[in-house]
Amino acid sequence: MATDAPALPAGLTKGKRPPGLIADRGFRILALAAGLMVLVILALIAIYTTREAWPWFSAERLGIFSDNWDPAHQHFGAGGLIYGTLLVAGVAVLLSLPISVGIALFVTDVAPERIRRPIVYTVDLLAAIPSVVYGLWALLVLAEPLASLFQTISDATASIPILSTLFANPSASGKSFMTAGIIVAIMITPIITSITREVFATVPSAQKEAALALGATRWEMIRGAVFPHSRSGMVAGTMIGLGRAMGETIAIALVIGSSPRITANIFGPGDTLASIIANQFGEASGTHRAALIGCGVVLFAITILISMAARAVVARTDRRSAGTV
Amino acid sequence: MKRITGYLRWLVPTALIVGLVPLGGAIASAVGAPAQGGSATLNGSGSTFQQPYNEAVTGAFKQKNPNVTINYSGGGSGKGRQDFSDQVVDFAGTDAPYSAADAANVKGGKYFYFPTVAGPITVSYNLSGVKKLQLSAETLAKIFQGDIKTWDDPAIKADNPGVKLPSTAITVAHRSDSSGTTQNFTGFLAAAAPTAWTLGTGSTVSWPADQQAGQGNPGVGQIVKSTDGAIGYVDFSDAKALKLKFASVKNKAGKFVAPTVKATTAAVEKAQVNADLTYNPLNAAGASAYPIASPTWILVYQNYSDAAKATALKNFLNYIYGNGQKVASQVDYAPLPKNLLDKAKAQVKQVGGTSSGSTSSAPAST
Amino acid sequence: MSASAMPLTQSTRKGRRELKNAVATALIVASFVVALIPLTFILVYVVRAGMTVFGLNFLTEDLPFSNRFEGGGIYPAIVGTLVITGTATAMAVPLGILGGVYLNEYGGHGIFARLVRFLADVMTGVPSIVMGLFIYTIWVLPRKESGLSGFAGALALGCLMLPIVIRTTEEILKLVPDELREGSYALGTRKAQTIRRVVFPSAAPGIVSGALLGVARVAGETAPLLFTIGIVSAANWNVFDGPNTALPQQIYINASVFGGFDAAQNRAWGGALALILIVFLFTLVARVISAVYARRSAAV
């Protein structure tokens, strides 16, 4: 008896598949397949867009970076578009960052406890407004007053050397790099705010309290305990906001003025990689179409680089804060 | 038991919200839409110049043929030609024929140009205090090129003796999209002011940098309407609807002619019609002809895989050449002159594969 | 001498510090107010301008033949938004949840899982216009006349939603304590059963809330629809057959091309109001669900 194999539990006969195994394996395969889909879709996007854009790359070579977008003569240099994308995103981040940091500080360190949640919800409401509504508002409400403002600033700075080139020829309709930058700034504020807020919330209260106990004012506490701890987090948030600003299409398309070129005149019309696709793709053929898809590829590449950089910075922040008390 | 009801509580309403709508949609369309013979959907895109006419004639046509739905998405002649070439739409509107290079890339086989109406391209402007304006082709060329920058320029003054012109800066509005209107307007400038106009012709040209760009004819109209000192080229129907002021343009005979339907008809009647029913009424001769009269066509294939579509298209075209011509004048377009109309009617018969051969050019003229 | 000089310097330095603090606090409060200004401005404007056309007629009538003049309603656009977003959700949410389940429950830190996680992150950064181009090239063009459809738009929107749902699902699943899983395994349940019976019920509210936020975001997208859905003036409930229209598209067209006409402007505002209501509704439901979830898990 001792040498016999122990009796199998009831319901489990030797050699028969245990109950539920198929379902289990099936589910696992299903989940795996879903993960695979992401891989497949992204690979398809990369392959197809690069393939469609190839005629442009081979026709222009390095000329794709020249500032010569001229469909009439079959020249497609995207230099002006890359410049426009970077300029609008840059203006947007520049305008949005101080505001976002201010709101985050307000929520974490200044506002009374009770109103923090409602404030967070309110700012998230800004994030929920669709991009086309922002564009509509910017076009119909913001553009005209901005046009007069730009004219006033332009007249006022006409004799000041550097500023006069920046503010030289304000667009009469208000459609310009600056207007696009302003509306995109409003759009990315909730994102940067929410990331910055989360980073500020991870500051150990022990450090904050220590600063206050030593007699620091609130501002000194913020400068001494919050900022140093959150520097890389803020950088990461900024870069995420930058990435979002670069990918913005519709709101920019409505107010940028459709004039691809590299110019210092930020009150004048311009164009970005995303908005030129929205405006010209429908009618484009041959090399023009390839060039527009190529603009999408360039834009995609830039956003990947920025998101990789942001992730690297975030990873560094995680490692850093993991080490702190 | 509690666990299961617990997450079912979330799952069920969510599944309802998410799944019911497309499901309901599919059911509704299967149950609701009777698959009648003769019911068809025709999708088109293209010229915004003809869009006001298309909207009016489609509305009238639908009352007679309620089971034919016609969707026209505009987007500019360039888009229309491209979509038609890719066979993504059933028909397209265009104010200019294919270039030779593009014609070779049309994928759907033999196609026809069906002229529908004609209309003036206005030179609309916004200048406070100036109610009447006359412009010659040379002056126009210099304005749109950016050589003339203010309204009190001597050239404009020369065209308008006795009119007090302010020193406002000129804001030029052009099309941002690939446009048949641009092609015809620049075609006129190249024909009437060949030495002054240097930007060439085409559905897009390399406009100077600091001008304003608008999407579609109404987009240009919007810029003119909202900016003091602005000038732009807009189709007549939109310019009227936006209550813009238009300039009279000097024609080939030396007379300043205002953009009207009558003056357009005078120009179109003079134009020579090609075998494929394309023609060029720009810079027409004759004292009363408006020099910037624009033609416009609908592109239709000879063969469609869906017979109902071919029939619907033929009915639509026949309507355009029947009652549709009366609709034209109601929306400020010029109906076709008789000889062109007859040729067009004859060409309709060829849609739907009644004529063979994909390489033979247009039908024998009647 | 120095003893009597000190209180003076101390108090001026302290005064300067207090001043800096006051200025900084004022700026911080001001930034919050500055952020509120565009939000209130936009919402007030949309409501005010939208209400000039809003009403039962506006919500139930077909689009007029011409955008230039008054009349008609945006019913077809509402229908289009619902069916297209609904189809996109039906495709992306189950797939995304499964993907998130894979990443957190099966994949862990393996190479493949890390790759998928990285690619999902990258995919969230794909500009929506590029997604639209992609679907146009591989779906619409090969299908010729039957290419432009609500389904093409749904594909583009679904591709946008997928990475968002995967990431939020993974984040929520991470929050489910491992003890729950281990207890279930200890009782002999298999992995799939554990996920279905133990992990999901406690993660469901969070997942649903995340999915609804994704739906809200995608319902407002315009760029992917530009080249994929065509246009119609009568409601098309069939997402697979024929072109369609959607609220963001109608707003865009009425603003960009026809913006010079007052009737088109009002229609755009009305459409914006309708769109914001839909988006806010989804966002609100998502927030309520996650608030309830937070309270529930806090109580546990």
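1. A residue is called buried when its relative accessible area is under 20%, exposed when that area is over 50%, and partly exposed in between. The model discussed in this note is predicted. With these cut-offs in hand, C:Asp178 counts as partly exposed because its relative accessibility is 44%, whereas C:Arg181, with a relative accessible area of 7%, is buried.

2. Elsewhere, salt bridges that share partners link A:Arg289, B:Asp86 and B:Lys107 into one network. Over all chains, the structure holds 21 salt bridges.

3. The interface of chain C and chain A brings 76 residues of chain C into contact with 78 residues of chain A. About 6,700 Å² is buried between chain C and chain A, and 82% of that area is on carbon and sulfur atoms. Two salt bridges are found across this interface, and C:Arg287 and A:Asp124 meet through their side chains in a salt bridge with an N to O distance of 3.2 Å. There are also six residue pairs in polar contact between chain C and chain A, both residues being at pLDDT 80 or more. On the side of chain C that touches chain A, α1(C) gives the most, with 20 residues.

4. Between chain A and chain B, 23 residues of chain A are in contact with 22 residues of chain B. The area buried between chain A and chain B is about 1,600 Å², with 41% of it on carbon and sulfur atoms. The count of salt bridges between chain A and chain B is two, and B:Asp86 forms a salt bridge with A:Arg289 in which the closest N and O atoms are 3.1 Å apart. Nine residue pairs, both at pLDDT 80 or more, are in polar contact between chain A and chain B.

5. A further pair links chain B with chain C: B:Glu55 forms a salt bridge with C:Arg68, and the closest N and O atoms are 3.0 Å apart. B:Glu55 lies in helix α2 (residues 51-64) of chain B and C:Arg68 in the loop between α2 (56-60) and α3 (75-107) of chain C, so the pair joins two chains. Both B:Glu55 and C:Arg68 are buried.

6. A:Arg261 deserves a look of its own. Its place is in the loop between α9 (250-255) and α10 (273-280) of chain A, and with a relative accessible area of 10% A:Arg261 is buried. The side chain of A:Arg261 reaches the backbone oxygen of A:Pro269 at 2.9 Å. Leaving aside residues up to four places away in sequence, A:Arg261 touches several residues, among them A:Asp67, A:Tyr83 and A:Phe177, as well as B:Ala209 and B:Asp210.

7. On the surface, C:Val29, C:Val33, C:Val34, C:Ile37 and C:Phe41 form a nonpolar patch, with about 390 Å² of accessible area together. C:Phe41 lies in helix α1 of chain C, residues 2-51, and C:Phe41 counts as partly exposed because its relative accessibility is 43%.

8. Chain B, finally, has 13 helices and 11 strands, and buried residues make up 57% of its 366 residues.

Conventions. Residues numbered from 1 in each chain as written. Chains lettered and ligands numbered in written order. Predicted model: local features only at pLDDT ≥ 70, side-chain atom pairs only at ≥ 80, totals over all residues. Heavy atoms only, no water. Patch = residues over 30% accessible without salt bridge, like charges linked within 9 Å, V, L, I, M, F, W, Y side chains within 5 Å. Areas by Shrake-Rupley, 256 points an atom, 1.4 Å probe, with all protein chains shown as cover. Salt bridge = Lys/Arg side-chain N within 4 Å of Asp/Glu carboxyl O. Helix = DSSP H or I, 4+ residues; strand = E, 2+ residues; numbered from the N terminus. Buried < 20%, exposed > 50% of the residue type's maximum accessible area, 1.4 Å probe, protein only. Contact = heavy atoms within 4.5 Å. Buried area = accessible area lost by both parts, 1.4 Å probe. Polar contact = N/O pair within 3.5 Å; in protein donor to acceptor, adjacent residues only side chain to side chain.
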